[in-house]
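Visitor: I am new to this structure. Please show me how to read its features, one at a time.

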Amino acid sequence: MKAALLRAFGQPLSLEDVPRPVLADDEVVVRVCACGIDGTDLKLLDGFGYTPDLPFVMGHEPAGVVAEVGAAVTEFRPGERVIPYIFFHCERCRLCLRGREQLCPRMSGVLGVKGHHGGYAQYLKVPARQLVTVPEGLAWTDAAVLCDAGLTAYHAIGRARLGPGETVVVIGVGGVGSFVVQLARQEAARVIAVEQTPAKVEHAQRMGADHVLASGGQDVAAEVRHLTEGWGADCVFDVVGTRATLAAGIDCLASGGRLVVVGYTPEEYPLSGKRVAQGELTIVGTRGGCKHDLRAVAWLAAHGGLHSVVSDVRPFEQVNEALALLRAGRVLGRLVLEMPQA
Ligand SMILES: [Zn+2]
């Protein structure tokens, strides 16, 4: 099968012919139809944050068709449409038992990120327990981006506990942010998006933001206060996570507000204890989502009136060009690769 291998950090992926994965009894081989790419892939390429053993097949947003099932698999059959839950959790620890599988300390890896090869290949294999059915009517490209972008956004919205009429600021409207904007609107919140370039401002408007601020030329916190009669935002989603965006996020908050930290970078931000205490601020972390979140967001994507967050589809052979586009900041929403069919 064709696969794009990460052979050395800092180098382009190498397109090669490799053997198809071999099944264990509890596993399923999936023929990949589409696979999203995002900022985690750039971190992997650079060797920042995640350092899988090499060579490695990246790709943590695959969607496809069951091609083959192991002898002990009863819940899936060849031909079924599936997406994987990417966190390989233990199912037994106290966090797994509380439905917080993405925090499992005994995790054996993350599909396409560490420990388990991902979807930049014609086939991948996973234990059947990691798979979720793709609802009818959902395009492969839209199904693929649920594995990370959709899952992360859905879980972050749950963590935020939004109420009707609240003002929400979303900093960064890429793949995850595009879902956050839409899901916050579904909670009857008023959404102010923050983006940098005119093309990304337009994209945020298409995703349904009530207002979009261009972060380059505006004092975001002052603009948010202006739009809220001086109060500030009830909730800020920082989907970027630089020192500057964390600072802007805190500055935007009304007293009693919540900052939901979705994205992160190596940068740190010095938080004022006085500001947090005196303003009764809540800082909320969020990581991926649990398996139930993936089922829920897949249902919403198929039946809940969400717009597609996919703006660009490229053939798999252009994987390195696609990663370069992402690095240059030229991707709106999500870019998805389409796989060659055997
Ligand atoms: Zn566990």
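Guide: Start with charges and rings. A charge sits over a ring if NZ of Lys or CZ of Arg is within 6 Å of the ring centre and within 35 degrees of the ring normal. Here Lys43 lies over the face of Tyr264, 4.0 Å from the ring centre. Likewise, the charged end of Arg81 sits over the ring of Trp140, at 4.7 Å from its centre.

Visitor: What kind of model is this, and how are residues numbered?

Guide: This is a predicted model, where local features need pLDDT of at least 70 and side-chain atom pairs count only at pLDDT 80 or more, while totals for chains, interfaces and linings use all residues. Residues are numbered from 1 along each chain as its sequence is written, and side-chain values use heavy atoms, with hydrogens and water left out.

Visitor: Which protein atoms are donors of the zinc ion?

Guide: Donors are N, O and S atoms within 2.8 Å of the metal (3.2 Å for Na, K and Ca); water is not among the atoms, so sites may look incomplete. The protein donors here are the SG atoms of Cys90, Cys93, Cys96 and Cys104, lying 2.3 to 2.4 Å from the zinc ion. Along the chain they follow the spacing C-x2-C-x2-C-x7-C. Cys90 is in the loop between S7 and helix H2 (94-97), and Cys104 is in the loop between H2 and S8, 14 residues apart. Helices (H or I, at least four residues) and strands (E, at least two) are DSSP runs, numbered from the N terminus.

Visitor: What is the geometry of the zinc site?

Guide: Four donors count as tetrahedral if all angles lie between 85 and 135 degrees. The angles among the four donor atoms are 104 to 116°, and the site is tetrahedral.

Visitor: Are Cys90 and Cys104 buried or exposed?

Guide: Buried means under 20% relative accessible area, exposed over 50%, partly exposed in between (1.4 Å probe, protein chains only). Both Cys90 and Cys104 are buried.

Visitor: How do I read the strands?

Guide: Strands of a sheet pair through backbone hydrogen bonds, either parallel or antiparallel. Two strands pair if DSSP finds at least two bridges between them. Strand S8 (residues 109-111) pairs with S9 in the parallel sense over two bridges. Val110 has Gly115 in S9 as its bridge partner.

Visitor: Which strands pair with S6?

Guide: Strand S5 (residues 61-69) pairs with S6 in the antiparallel sense over two bridges. Val65 stands opposite Arg81 in S6. Strand S11 (residues 131-133) also pairs with S6 in the antiparallel sense, over three bridges. There, Val82 has Thr133 in S11 as its bridge partner. From S6 (residues 81-84), Arg81 and Ile83 point one way and Val82 and Pro84 the other, and all are buried.

Visitor: Why does Arg161 count as exposed?

Guide: Arg161 is exposed because its relative accessible area is 73%.

Technical notes:
Tetrahedral: all angles 85-135°; square planar, octahedral: opposite > 155°, others 65-115°.
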